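Trainee: Could you take me through one part of this model slowly? I'd like a close look at the place where the two chains come together.

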Amino acid sequence: MNAPDAAGPLTDLRVVELCDEAGAWAGKLLADLGAEVVKVEPPGGNRTRGYAPFYRDEPHPDRSLYFWHYNTNKRSVTLGLDTSDGRGVFRRLVARADVLLEDQPPGRMAALGLDYADLAPAQPGLIMASLTPFGRSGPRAGAPATDLTILAGAGPAWSCGYDDHALPPVRGGGNQGYQTGCHWAVATVLVALLHRDFTGEGQHLDVNMHAASNVTTEAGTYQWLVARETVQRQTGRHASARPSAGVQVRARDGRWVTTGVAPRRPREIATMLAWLDELGLRDAFEQWPLLELGAALDHDISVAAMMEGGTDAAIYGAVRDALNFIAGAIDSYDFFVGTQRRNLQCGIIYSPDEVIDDPHFRERGFAVEVTHPELGASFVYPGAPYRLSASPWSIRRRAPLLGEDTRAVLTELGITPAEHAALRATGVV
Amino acid sequence: MGGRALASIRVCDFSGVLAGAGASRILAAFGAQVIRVENPANKGAWDVLRGAPPYVDERRGHNLGGSFNNHNVEKLGVTLNLQTARGRELFPRLVAISDVVAENFAAGVMERLGFGYAQLRAIKPDIIYLSNCGFGATGPYQPFKTWGPVVQAVSGLTHTSALAGQPPAGWGYSFMDHGGAYFGAIAMLAALHHHHRTGEGQWLDLAATEAAATLTGTAILDYTVNGRRTRTASGIDSNRDNTPSMAPHGIYPAAGDDCWIAIACRDDTDWATLATEIRAPWAADAALATLTGRLARRDALEAAVGAWTAAFDARALQSRLEACGVPAAAVQRPGERIDEDATTAAWGLWPTVRHTEMGAVRVDGIPVHASRTDWRIERGAPCLGEHNREVYGGLLGMSDTEIEELTAEGVL
């Protein structure tokens, strides 16, 4: 469905990225949509080049899989911003760019003389996005934070965890606090880009990660805003002001599945009964007579009836138990596909490595091969989060080696080989 | 407040719940005219949130759902029944004046109605069309149904949220409904830029499960490159685990019922600072001075930190540690982060909208401030068909009589 060799929607966009772990995801999202993203790194390399895991577990600035993932399609330029020559090159780099994306601590860009106020007068079309834990100003601007503390303070952790509240709330893995901030950074950079398309005007975007996760908590927030109710965390399901029944079951093969909301329509209940029969498990499930009653109902079981007790509630309880019973009696994948083919919204709880091998993801081409010429090898990467038919997402190049593009980019800026040599001699690049 | 960045953009929006409605909401906050289109035959009930709790008071009904209001602020609302002949005649006129059509029905629904991308492209060749569903428009699971928890389960996000020795905790809400909305907004906005540059429209196929799977990319690479599986004997502990490794790093008890504080020692300096605050002999142990040493004594260290934090009020301890440069955050309850957190208040993160029937209600704001074209959220979600006259009359030039007639016929 993608036009062959078509370029991404942002191919005309030039981005300068000055980001560590918090903002690199934003740069990747832009780069994978076609933007030229120049990552400015200190001469010793961005610190995330030292983050595990490594290719073959050998620590090396060009072998961090963390860096590989977050920096596809980017170019790497080393530049010491603690020198005035380095800052001069940075200004020239920004001067030919459309977007400056940075996640430096509040105050650092100003201290370098590279803040929006320093750059915009000469370049009114510049879009600068600053990603910080609590925004550029305000009561906690400058307070230290990590992905853990952002997700803990901003609401997600309050809603995640277990029925047993002796166990702490849980912060989900994978840098989701940083990434949520990045999703907002990218969306608003694109809003600002459209405004510039229409008017020529640039602007500064103050992106607040604590605020971003605060508005990424679904009912946790609006249950309070609207009804002043506090949701309580529950194992593997929605935190709620009113407790709900468990949904996670360990399947026969040991993996967990999520059974979700059990069916309430007679036809669906009949399907459950038929499935038990197919599996030869009707007699093993002692409540089967209730399923027969449910299949013969002349109405759907209402949510109100489920709460009230009585026959409908008993039937619904049996339906839920039947779903959980089947989940425990067969393998996780068979349960997932078996329920979905019966129009029930249940899921298998995959680990990330299992997702990439799943037949559906394979068939859609989610796994993409990325060549690493420096290693004489290619590897499978997670692919497109969205398919754009006329201007496709793509990984055109693996993450850059440290300083791989310094020479080419300096040449593009009009810096002569002699000047480059001088910058190198003084440790600027 | 400055101008509206997206004032010239119009979105014809069939998308609902959070995964769909949340995407066009972002465009609306920055000034796009988003026309939410709903079926009058079932009073918009396809969007299960329309009349769903929470409620502001004792009243109930399809215009009074609190979450629907949250997700549909700043949009116009019209009704249109695509199963009627006249509805099917009218819809192309809406498409013809729109830049974007967005929907998040189950895969294939719009095609079966005769309004897939190919058909809409025939109406308006440069239309941008977003299809947003769980497994995408192709592939063996295309017919499968999802909601947030299923997307999170299948994509690896549920598995990677857990404590050691426990089953998956997962995400206690539809995190990926937010995620689907964010990726959907990004796709629409990028396509709008492409359209501005080339004049070309396109079809956007967004599968929430794929979008979600990109969010655990490093773990996927560790498998595809190093052959290392995510499931290990020791299991996941997503409070402790971090890249890069940190210790202490976790969520610890604080004084009070179900009160907790997160602390992250990023390096040896953070630990030295924390150890000074703890002021106990065990914390001064030289063996703990290095990360290697702390990781080697992880269980005892984390237990000791937890025993220390348990005596303190979470937010007081947060302030104290933050003041000496150690990242710390009380696990805030909704009421605390909304009504007692000075940073969210200073940001204006909870704007009050006016909803025609519900009155004044607070909603989620936008976590970005734009220096020239900032967001604005003032109007609540539309009541069912609230803007039929404005859209069908004002935009399409239909007469009041015609609108009344179509309403009586069940078309609007």
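Mentor: Let's start with helix α8(A), which lies across β4 (99-102), β5 (127-132) and β6 of chain A, together with β12 of chain B, and runs at about 165° to β6(A). Keep in mind that this is a predicted model. Now look at the strands under discussion: there are seven in an open sheet, in the order β3(A)-β2(A)-β1(A)-β4(A)-β5(A)-β6(A)-β12(B), with mixed pairing. At the edges stand β3 (74-78) of chain A and β12 of chain B, and each has a single partner strand, so one side of each is left without a neighbour in the sheet. On average, neighbouring strands here are turned by 20° against each other, if you ignore direction.

Zoom in on where the chains join up in that sheet. Strand β6 (residues 203-208) of chain A pairs with strand β12 (residues 368-370) of chain B in the antiparallel sense, over three bridges. Within that pairing, L205(A) has A370(B) as its bridge partner, while V207(A) stands opposite V368(B).

Okay, step back to the whole interface. Chain A puts 145 residues into the contact and chain B puts in 143. About 12700 Å² is buried between them, with carbon and sulfur atoms giving 65% of that. There are also 11 salt bridges across the interface; one of them joins the side chains of E354(A) and R231(B), at 2.7 Å from N to O. And our helix comes back here: α8 (residues 176-199) of chain A supplies 15 residues, the largest share of the side of chain A that touches chain B. Sorted by class, that side has 76 nonpolar, 47 polar and 22 charged residues.

Notes. Residues numbered from 1 in each chain as written. Chains lettered and ligands numbered in written order. Predicted model: local features only at pLDDT ≥ 70, side-chain atom pairs only at ≥ 80, totals over all residues. Heavy atoms only, no water. Contact = heavy atoms within 4.5 Å. Buried area = accessible area lost by both parts, 1.4 Å probe. Salt bridge = Lys/Arg side-chain N within 4 Å of Asp/Glu carboxyl O. Helix = DSSP H or I, 4+ residues; strand = E, 2+ residues; numbered from the N terminus. Nonpolar A, V, L, I, M, F, W, Y, C, P; charged D, E, K, R; others polar. Pairing = 2+ DSSP bridges. Axes fitted to C-alpha atoms, helices over the stretch in contact; angles between N-to-C directions.
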